[in-house]
Amino acid sequence: MDDFYKEYILDHYRNPRNFGHLERVDASAEDINPLCGDKIRFELQLEDGRVTDVRFSGKGCAISQASASMLSESIKGRKLEDVARLSKEEVLENVGIGISPARMKCATLGLKVLKSAALGEIATWPDEDAPAEAAP
Amino acid sequence: MIAPSKLDERAKTIARDFPILAQPTSRGKRLAFLDSAASSQKPQAVIDALVHYYTYDNANIHRGVYELAERATAAFEGAREKVARFINAAESAELIWTRNTTESINLVSFSWGLQNLRPGDAILTSQLEHHSNLVPWQLLAAKTGADLRFIEVDANGMHELDDLDEKLHGVKLVALSHISNSLGTIAPLETIVPRAHAAGAIVLVDAAQSVPHMKVDVRALDVDFLAASGHKMCGPTGIGFLYGKRALLEAMPPFLTGGDMIKRVEYRETSFNEIPWKFEAGTSNIADAVALGAAVDYLETIGMDWVHAHERRLTAFALERMRTLEPLGLAIYGPLDPKDRSGIIAFNLADVHAHDLASILDTEGVCVRAGHHCTMPLMEKMGWPATARASFYLYNTEEDVEQLAGALHKAARIFKLA
């Protein structure tokens with residue numbers, strides 16, 4: 001825990017990457033952590049099912065903001081299905097520090113929001129495996 | 001006046017009554033417990049009272065005619081008398097056991113509120129209330145069509161009373177916290193209560209942060225209802241109380257219904273028990289009530305005047321000590337004049353989020369609360385995403401304050417504020 005606040009965590013906290021808003025938003029979601037009031041919003045721009053651009057916004061502790069910032073860097077160019085399948089372990093590895101149980105929600109808030117944006121968008125896609133519905 | 005160093009000496013002795021404070025943290029740090037506003041620690045005497053009750057006296061109350069049941073009933077009702085005397089209620093029948101302050105306030109909201117409020121009536125509270133003294137009134141207003149109004153607070157969390165009489169027009173209930181859990185503001189009840197009564201309103205006081213820390217006299221304050229929690233005053237969790245004036249309690253319908261709160265039950269109708277039992281349906285939290293009685297004994301042995309003086313002095317010391325960190329960006333919130341605040345200090349360190357700050361303090365054995373402190377509208381109004389909060393009790397010492405100051409310096413180093 002003494003190593004909790006590594007240089008790069010503070011750097012992402014004070015200089016968050018991809019922070020702000022997109023002009024064209026294809027998918028988005030936001031949520032708050034009621035424990036601490038941390039708030040994160042993710043906006044995605046998509047092309048052919050891949051993330052072409054991303055912005056996040058919000059307020060919160062260094063852990064939640066740095067985690068979201070690093071997450072935003074890691075998803076550009078990735079398929080939305082892969083983003084929807086991102087695991088907690090992957091994010092924690094990315095953050096690279098031991099997170100205490102009390103702070104787990106801070107570290108994973110960005111992931112939760114991002115996945116919800118991805119899943120929400122995927123849910124609107126036509127299901128390719130399903131039999132084509134008769135035209136009305 | 002007691003010499004300052006003598007006060008701290010006594011607190012050191014008192015701390016030895018609390019076994020939990022003697023244990024180091026997993027990092028081998030001395031424990032500096034500065035979160036008593038959330039829940040206080042328990043002295044050995046209270047822990048012993050719980051063990052004694054379950055070891056020797058346990059039985060259901062108000063029923064059995066055998067010796068154990070009589071002993072349990074006597075202990076339970078004896079604890080009620082102790083707590084009633086502690087807040088200077090006229091009689092113990094005016095003291096109702098609940099789980100905590102929140103349940104006490106809900107009892108008044110559901111019982112008195114639904115019976116007495118009509119469209120056009122108003123409820124007056126303040127902008128710095130804990131959610132427990134806000135949400136019940138929001139729901140009550142929605143159910144009855146009553147208007148919900150707020151006494152505003154200024155940037156230092158002080159009540160603005162210039163337009164009080166105007167705001168009181170049509171108000172049936174004034175609901176205020178005695179001491180703000182977020183900022184430590186002491187509400188000017190001696191000004192507000194008489195004016196509320198003159199306007200025809202009754203007054204409920206959320207005393208969760210005052211009863212544990214100072215002498216609270218319900219008759220001197222002339223409040224109509226007063227709610228508090230046992231676990232913040234050296235007692236166990238799960239037991240709290242509601243004080244209410246007899247005439248009000250007698251006129252109110254029951255809140256929860258079932259066993260123990262009845263006089264006579266027929267298939268289609270029931271007559272209710274007398275107060276306080278009318279409001280205590282089902283088997284009560286007997287053991288914790290008994291242990292709360294032991295907590296009151298403990299506090300009375302030390303003396304509430306001493307507790308108050310000690311906290312006041314320690315808070316002044318902490319404020320002074322923390323102000324040395326102001327060049328590093330430490331901001332302290334709440335009333336500027338120490339006489340307007342209790343042993344609660346809300347603060348932030350530069351751009352360090354309160355949760356990060358609390359995590360770093362934790363690595364040094366310092367326990368503080370961080371977040372919105374169940375006062376989200378106040379935080380929003382003040383423009384603070386979160387604050388850290390240190391709160392003091394009778395077992396805290398200058399050493400705890402020094403440990404806090406040292407840990408704050410560590411946080412400043414980690415976040416490169418120096």
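Guide: Let's start with strand E5 of chain B, residues 171-177, in what is a predicted model. Six of its seven residues are buried, that is, under 20% relative accessible area, so the strand is largely enclosed by the rest of the structure. Who are its partners? One is strand E3 of chain B, residues 122-126, which pairs with E5(B) in the parallel sense over three bridges.

Now hop over to chain A for another piece of sheet. There you'll find an open sheet of three strands in the order E1-E2-E3, with antiparallel pairing. Its edge strands are E1 (27-33) and E3 (50-59) of chain A, each of which pairs on one side only. From one strand to the next, the twist averages 15°. Strand E2 of chain A, residues 38-47, pairs with E3(A) in the antiparallel sense over nine bridges, and along that pairing A:Phe42 stands opposite A:Phe56 of E3(A). Helix H2 of chain A, residues 62-74, packs on this sheet and touches E2 and E3 of chain A; the direction of H2 makes about 5° with that of E2(A). Helix H5 of chain A, residues 104-122, lies across E1 and E2 of chain A and runs at about 150° to E1(A).

Finally, here's how chain B and chain A meet. The contact takes 17 residues from chain B and 17 residues from chain A. Between them, about 1500 Å² is buried, with carbon and sulfur atoms giving 53% of that area. On the chain B side, keep an eye on B:His355, B:Asp356 and B:Phe415: they supply 30% of the area that chain B buries against chain A, more than any other three residues. There are also three salt bridges between chain B and chain A. One salt bridge to look up joins A:Arg14 to B:Asp351, where the closest N and O atoms are 2.6 Å apart.

How values were computed
Residues are numbered from 1 along each chain as its sequence is written. Chains are lettered from A and ligands numbered from 1 in the order in which they are written. This is a predicted model: local features need pLDDT of at least 70, side-chain atom pairs count only at pLDDT 80 or more; totals for chains, interfaces and linings use all residues. Side-chain values use heavy atoms; hydrogens and water are left out. Buried means under 20% relative accessible area, exposed over 50%, partly exposed in between (1.4 Å probe, protein chains only). Helices (H or I, at least four residues) and strands (E, at least two) are DSSP runs, numbered from the N terminus. Two strands pair if DSSP finds at least two bridges between them. Axes are lines fitted to C-alpha atoms, for helices over the stretch in contact, and angles run from 0 to 180 degrees between N-to-C directions. Contact means heavy atoms within 4.5 Å. Buried area is the accessible area (1.4 Å probe) that two parts lose on being put together, summed over both. A salt bridge is a side-chain nitrogen of Lys or Arg within 4 Å of a carboxyl oxygen of Asp or Glu.
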